[in-house]
Number of protein chains: 2
Amino acid sequence: MAKEKLKEYAIIGKPTPNVDGPAKVTGEAQYTIDMTLPNMLYGKLARSPYPHAKIISIDTSAAEALPGVKAVITGKDTPGGKYGLWRRFRELSDQECLATDKVRFIGDPVAAVAAVTEEIAIQAVELIEVEYEPLPAVFDPDDAIEDDAPMVHEDFPSNINATRHIEWGDVDKGFAEADYVREDDYVTQPIHPAALEVHNSLASYDKGTGRLTVWSSTQSPYFLQLGLSDALKMREGDIRVIKPHVGSGFGGKNSTMPDSVNAALLSIKTGRPVKIVYNRDEEFQTTEHRTAQHMRIKLGLKKDGQIVAMEVKTIVNGGAFTGLGATDLYLTGTFITMPYKIPNYRYDGVRTYTNTVWGTSIRGFGSVPGKFCAETQLERAAKDLGVDPLQIRKMNAVYPGYEAPGQYTFESCGLLPCIEKMETRVKEKWPKLEEDEGIGFAAFAYMSGGIFNWIDTPYAFSSAHVKVNIDGMVDLYTQASDIGQGHNTVAAMICAEELGVGIEDIRLHLGDTAHTYTDLGAWGSREVLMNGNAIKDAAAQVKNKLIEVARLKLGENIAYDLVSKNKRVYLELRPERGISYYDLVQDAIRANDGVPITGVGHYTPHNKGMISPAYGTGIMAVKAKTDKETGAVVCQDILVVHDCGQVINPLGVRGQVEGSIHMGLGYALCEEMPMDEGNVLNPSFVDYKILRTRDMPEIEFIEVPTYEPNGPFGAKEAAEATIAPTAPALANAVFQNTGAEFVAPVLKPETVLKAIRAAAAKKQGK
Amino acid sequence: MAKEKLKEYAIIGKPTPNVDGPAKVTGEAQYTIDMTLPNMLYGKLARSPYPHAKIISIDTSAAEALPGVKAVITGKDTPGGKYGLWRRFRELSDQECLATDKVRFIGDPVAAVAAVTEEIAIQAVELIEVEYEPLPAVFDPDDAIEDDAPMVHEDFPSNINATRHIEWGDVDKGFAEADYVREDDYVTQPIHPAALEVHNSLASYDKGTGRLTVWSSTQSPYFLQLGLSDALKMREGDIRVIKPHVGSGFGGKNSTMPDSVNAALLSIKTGRPVKIVYNRDEEFQTTEHRTAQHMRIKLGLKKDGQIVAMEVKTIVNGGAFTGLGATDLYLTGTFITMPYKIPNYRYDGVRTYTNTVWGTSIRGFGSVPGKFCAETQLERAAKDLGVDPLQIRKMNAVYPGYEAPGQYTFESCGLLPCIEKMETRVKEKWPKLEEDEGIGFAAFAYMSGGIFNWIDTPYAFSSAHVKVNIDGMVDLYTQASDIGQGHNTVAAMICAEELGVGIEDIRLHLGDTAHTYTDLGAWGSREVLMNGNAIKDAAAQVKNKLIEVARLKLGENIAYDLVSKNKRVYLELRPERGISYYDLVQDAIRANDGVPITGVGHYTPHNKGMISPAYGTGIMAVKAKTDKETGAVVCQDILVVHDCGQVINPLGVRGQVEGSIHMGLGYALCEEMPMDEGNVLNPSFVDYKILRTRDMPEIEFIEVPTYEPNGPFGAKEAAEATIAPTAPALANAVFQNTGAEFVAPVLKPETVLKAIRAAAAKKQGK
């Protein structure tokens, strides 16, 4: 067969409004937070006020006596299962249903209440008396690895939660051969995903069958099923997880969380449905955020700008639990090298347990802090060496077939064409800058789903079941998650394209573990490639059966190829000779003794390295204005050139690019989570600043697609990559205009002013 | 392979409590009538007070103006689709969404209202002003076929809705050779199924996707999907039907009814969920009942009691629409011959349209009125000829392999052993009768699902999808219906037995058209055999894949057979050599590249005659006491001997036998629906008498199982057969004691007294 390439499709690549858009804009769409069940109770968690303390005693009698309270549970009422996402190494399943012996961060749940109203549940929580013995606590990752540091988990050898060493080439030799070496320290801040729908779960236990159903605002029904299975010591198959519409996750809804576990425990205890909804304070104080890092980078270059060696050390403030933090640590070590050819590389990452809420896998995880550091450092090096910022990126850019030994391979790669497009477009777009303006660049790359099986699933990474009914309607069943990113639409488009039918012929059944084959959920930009491949596989099986029937009906020369497109199956070279899809389906089902035509497709990456089967890449330019008197930075304009493979839905990609840049700019300008001894100081939308629509600059988005052989129709990661370059491109714009160097992304006026003054002093000193 | 036969199973045949029993007894089980949805409206129907009238005009303005009313629709607001179960002949799709030009029975819906409360909807219905022009009406089936009778459906050639002629042998010759010929007239009364959950539906239309979801108290989600598709002119796949728990159907919930259609139309119009619940008056006045028949039977026998010829003529009061009435007409002509060898037979049945609510397929449909007539007539003949009632039944009993030419074949048949068992058991049980006591017998047979495809489905009659997951949990998906008869439990048992696992390993997904492969629903005792075969097929596919993996793992001699039983796969002849099912599943899924092991099974009867693939059979004895002064009859004791093949769940069969006899005794003693010009006179449980628990006699139930080769594990029809013999056995008991002959089943004291006096007069006259 000829090698596939980019081509015109009937559906793929056409701007397609979200299939669930009308339901969402009319308010008809149901989120977990909207749901109630008959006889439902409201749950609430009692949480630790201490970052680290022994639990001496818990007195729940007053809470239990409160009228309307139906159940109060503490650690001793739980089955004692420990859970976490890193199931491959069971010692990393470090979360408890409820804290038993001690609490490990402010907000660690110690008891849970179910009552007939939420108000009574809150009152009851206040009546629970917990006697604590405060313990010395540790908050700083550097302190955490000292020998005498307080231990966060006594059953763990030390506070070192995870380490990661990556190395290729000969790093010392590389630096020895470098003309120029620069080493810098960075400290990146934690930020919160700030999903508009808070964590919430509704659990309903059926005493008769011993089976549990949980509706939850989750990114992965499968992960939640596993988490609950471990926590509750129940059989996976006795737990059904349903993901209704989700008011976004941004990485913060992969882990099983206490809302789900305790709603389940309370439902088991009471025999009634129980719902737990976090308030915004709980959301900020106790749910996962983007991890803070202390990073040191050493870069060695030839004087023309060619990178010869790189060394990265990072220590991560992991917080109380693992979550996906160990993955984040690994990915940080790989994504920081992308998208550049680095012949000699060494990485040492350490993730520490501390007594704070834990950090994990927020949007662009593994790439956002590291890329800030690496791209600003590269910019400094370019300036020091007198090399043009685009030129230095072009010279070091990865190319199709590039391999980081033993780690990753770029099969498709449009980075060079992206940079070339950027060169011409920047000149057209911004021919002249004002005195207070600068342009900054950052290149980027991101994965299309992960390979390493930390969740320890025995299942294919994605699967899909396709069934064609007598009226041509296609049922598509898969566990894949739409969490607002538009995967429902993408799934329907891929299925429709492969079968040659219309979007309106597809009936979606996603995100319910009881009716679908496994998919690992929405994280790391995995659904398009992995679920897309599984859907395409299933649909192709069905299509091939239909084509077989069409061959029988048409009786044409065996040498002719048949295609299914636009609701017809016909001879590729004689399109007028064909048969209607709808007629064909009737024949096929009758010939199949009345059984609908079905396929079960699946996808697991094999022999694709350690990270991902494919990478989206590209380059971003930011034009910014800096007020040198006040330090105020305005991001004026953004230009992104992105190779995201064959775009499935241009409307979806555009929306996701805007969303990623919005979050990237928040990280660059205002979002942070200051903590005081483990206490998050700004746990509300009054104090935690996210950008409003009117704060956003114009974004020009140019696609430079390549055909990705591992993706469905050549598709791969799109848009998640564009969060990481936003902060460094902005910092680089300010740097180009003012010379100011930044050790952290948040360009608040005081930070900027200080950096401008430091730069001026340095220049004068020089 | 050796011919299969009755054997010991791990699960099949063991008394098994219903899997949904706890949910039902604790009240947790959700029925449609329990359901609400956010933003839901309440619908109500405006109904005709006339049995037959032209609609001149409908003024809905006052109703629309009532605060809280959200929509009012009349016939002109409907898409004009006509619907019905006999889709194979489209002229029999005779139901309208709402009556347009004229109304055809008292209660025919002419308008529908949706409002924010049910009270407002009722008020609004009262405000709808309909101007009618009453038309001459016809209520009696004999009148209906007169040339000058008012036409119920003008677009139909006459009021003859359906006719059926059946004939085999040479009937005239048969009667000529008979020693004794007797001809009698009968008139059977209509009765209502009186399900405790009334008809009700909840419809929710999604404007964004144009798709409709309907929850309904139905016996067949698939039939309802088809009915709605025809009525609303929507694509089948755009309609999802979900059957929650159902508070019984008894045959009255096969047809698509105005509650479903109009809830859907109102939801489409308002964009909000709409629920319509019938009140008990509507339930009695406007929903389907067991058809009244005027029947004449002529029976010719040799003097030893051997039947040589039979001729049956019946005219059925069909009412306004077809429903399943045309099927009932056909089945009446066949079941009336069972379970006897009748060498020469002729049947002519006519179903008439009249201006009453229509009659259709109530429990034991096609057999109940006819069997009353035939079994009482046979008893009279036996007495006239001086032949023992059991002897005459034994002599004429069908046997394994008996074929009624072109109509039906009994493959398995335990009737003779049943009668022999009855002979001995009756002597033991009732050695001596009091003066006012008598024993009556009636033999019986009934189908295991129907063959004739009146619904015109292109799908297999039943299908099932089985999926084995990594923890050994088995998902069983099928559209089959549990409507209270216990099929959820039977489905789980069949699946568990075939796979060799436990009931607790089965997770059921039944009765939702969106997640299952087609099954035609619960009627005519079809689920055990048809759905059971489909489940067994699917499970066997999975089992065979597991056995293949077990062969690879065990590496034993190819000649050994492997079996899967009690959660192990092992060598049949060396049970100690085997592997745990749970371990095997893990291996099998891993070897299958992480995809669960699945099978899609199906069943459609092929080459099994016109009626059914298999028949349950047996004989019933009733001991009754008759007060000759008052005519009061007491049914004292019942003995049933039943060949129902391999019993799947003895508890379920026992329950169904009791239920069938309860309904049969109601038919025999007190249930009736007197009508006055189409007006049902007793539309409430105050006036419509059904037997209470304390009115029920003891029932002794003896199984005489045979192995039915067409059924799963040898299973076939069970218990539905036992409704039909109840009334004739009771009448025969009174006849044996008093000589009273009955032309109708309802043995009310005045009827009995009259019959006793007539018998006495006849005897005297003789």
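Predicted model: local features only at pLDDT ≥ 70, side-chain atom pairs only at ≥ 80, totals over all residues.
**Stop 1: helix H7 of chain B**

Select residues 258-270 of chain B, which form helix H7. At 1.5 Å a residue, its 13 residues should span 18 Å, and the end C-alpha atoms are 18 Å apart, so the two values agree. Colour the helix by burial next. How many of the 13 residues of H7(B) are buried? The count is 11, so to speak of H7(B) as mostly covered is in order. The buried residues are Pro258(B), Asp259(B), Ser260(B), Val261(B), Asn262(B), Ala263(B), Ala264(B), Leu265(B), Leu266(B), Ser267(B) and Ile268(B). Then step just past the helix to Gly271(B), where phi is positive, at about 70°.

**Stop 2: the sheet and its helices**

Show strands S25, S24, S23 and S29 of chain B, in that order: these 4 strands make an open sheet with mixed pairing. Strand S25 (506-510) and strand S29 (597-603) of chain B are at the edges; each has a single partner strand, so one side of each has no neighbour in the sheet. Between neighbouring strands of this sheet the average turn is 15°, direction ignored.

Now select residues 462-468 and 474-478 of chain B, strands S23 and S24, which pair in the antiparallel sense over 4 bridges. Pick His465(B) and look for its bridge partner in S24(B), which is Tyr477(B).

**Stop 3: chain A against chain B**

Display both chains. A rotation of 180°, with 0.0 Å of shift along its axis, places chain B on chain A with an RMSD of 0.0 Å. The two copies are therefore related as by a two-fold rotation axis. Which C-alpha of chain B is nearest the axis? Select His515(B): its C-alpha is 3.3 Å from the axis. Both copies use the same surface, as 97% of the contact residues of chain B recur in chain A.

Finally, select the contact itself, with 38 residues from chain B and 38 residues from chain A. On the side of chain B that touches chain A, the elements giving two or more residues are helix H1 (21-25), S25, helix H15 (581-591) and S29 of chain B. Coloured by type, the residues of this side are 14 nonpolar, 13 polar and 11 charged.

Notes:
Residues numbered from 1 in each chain as written. Chains lettered and ligands numbered in written order. Expected span 1.5 Å × (residues − 1). Buried ≥ 20, exposed ≤ 12 C-beta atoms within 10 Å, placed from the backbone. Pairing = 2+ DSSP bridges. Axes fitted to C-alpha atoms, helices over the stretch in contact; angles between N-to-C directions. Least-squares fit on C-alpha atoms with pLDDT ≥ 70 in both. Contact = placed C-beta atoms within 7 Å. Nonpolar A, V, L, I, M, F, W, Y, C, P; charged D, E, K, R; others polar.
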